[in-house]
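Could you take me on a short tour of this structure while I have it open in my viewer? Please tell me what to select at each stop and what I will find there.

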Amino acid sequence: MKRKLAGLLMVSMTVSASMKVSAQEFRDTISKGKYKLIFINKDREFSQETKGRMIEAFFAVYPREAKRFNSHTLRTVTFFIDPGYTGVAETGNGVARYNPQWLKKNPEDIDVVTHEVMHIVQDYRHDNPGWLTEGIADYVRYVYGINNVKSRWTLPNYKESQSYTNAYRVTARFLVWVEKTKNKKIVDKLDAALRDGSYKPELWVKLTGKTVEELWKEYGAGPDLSLTYK
């Protein structure tokens with residue numbers, strides 16, 4: 001059943017009237033508390049229900065990500081629904097760009113928002129390993145995701161063919177394991193170091209007493225985890 005945008009948003013939100021910017025572009029500005037979302041849509045057939053759910057997801061997860069990882073993150077974020085984009089989603093300079101066809105085919109994948117806005121919170125400006133950047137973003141999707149169950153998104157079971165450098169969900173599951181077995185603050189510490197430019201592989205030893213390679217080997221010998229999805 002389709003739901004109207006107003007029915008999805010908290011009363012304390014302020015939603016501007018939809019403004020037609022060009023022949024095929026609509027822009028909304030939504031504010032809640034100290035955060036503002038600018039929603040630009042260039043697909044006139046884009047689902048209004050999906051739009052509302054994406055907005056709802058942003059205000060549900062972005063403040064929580066910011067509070068835990070980076071209180072100085074951007075206060076204003078832009079979502080861009082771009083029919084000309086052929087990937088799933090990408091983020092840069094405070095703008096998260098989404099493929100409307102992907103969301104049309106995968107309407108329950110709302111937590112793509114959770115992953116992408118974490119990249120804004122990360123704000124890594126140094127030459128950091130991409131596998132860890134994406135692994136942390138998917139770790140955050142696992143922890144703070146609001147619709148992973150319905151989208152059937154899960155962290156994959158360990159396989160010998162995997163590596164901690166595989167990024168995304170593989171690395172995310174490894175991070176959950178390290179957090180549960182070695183250091184409950186491991187992700188926070190890694191994230192902070194990646195942001196301020198102090199990350200080095202030796203940080204794993206400082207935080208856990210073992211190199212990342214040693215941790216991965218131990219993980220492979222006993223990778224069982226109790227995981228809970230929302």
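Start with the aromatic rings: this predicted model holds 18 aromatic pairs. For a first look, select Phe58 and Tyr62. Their ring centres are 4.9 Å apart and their planes meet at 20 degrees, so this pair counts as stacked. Both residues sit in helix 2 (residues 48-69), 4 residues apart, or about one turn of the helix. Phe58 and Tyr62 are both buried.

Next, select Trp131, Tyr158, Tyr164, Phe174, Trp177, Trp204, Trp216 and Tyr219, which ring pairs link into a cluster.

Keep Phe174, Trp177, Trp216 and Tyr219 in view, as they also take part in a helix contact. Show helix 7 (residues 168-181) and helix 10 (residues 212-221): their axes come within 11 Å and cross at roughly 90 degrees. On the helix 7 side, the contact is made by Val170, Arg173, Phe174 and Trp177, and on the helix 10 side by Val212, Leu215, Trp216, Glu218 and Tyr219. By class, this contact has 7 nonpolar, no polar and 2 charged residues.

Now turn to the backbone. Most residues other than glycine have a negative phi. Select Asn93, in the loop between strand 6 (89-92) and strand 7 (95-98). Asn93 is not a glycine, yet has a positive phi of about 55 degrees. With 82% relative accessibility, Asn93 counts as exposed.

Finish at Asp123, in the loop between helix 4 (112-122) and helix 5 (130-144). Asp123 has a positive phi of about 50 degrees, although it is not a glycine. At 29% relative accessibility, Asp123 counts as partly exposed.

Technical notes. Residues numbered from 1 in each chain as written. Predicted model: local features only at pLDDT ≥ 70, side-chain atom pairs only at ≥ 80, totals over all residues. Heavy atoms only, no water. Axes fitted to C-alpha atoms, helices over the stretch in contact; angles between N-to-C directions. Helix = DSSP H or I, 4+ residues; strand = E, 2+ residues; numbered from the N terminus. Contact = heavy atoms within 4.5 Å. Nonpolar A, V, L, I, M, F, W, Y, C, P; charged D, E, K, R; others polar. Phe/Tyr/Trp six-rings, centres within 6.5 Å; stacked < 30°, edge-to-face > 60°. Buried < 20%, exposed > 50% of the residue type's maximum accessible area, 1.4 Å probe, protein only.
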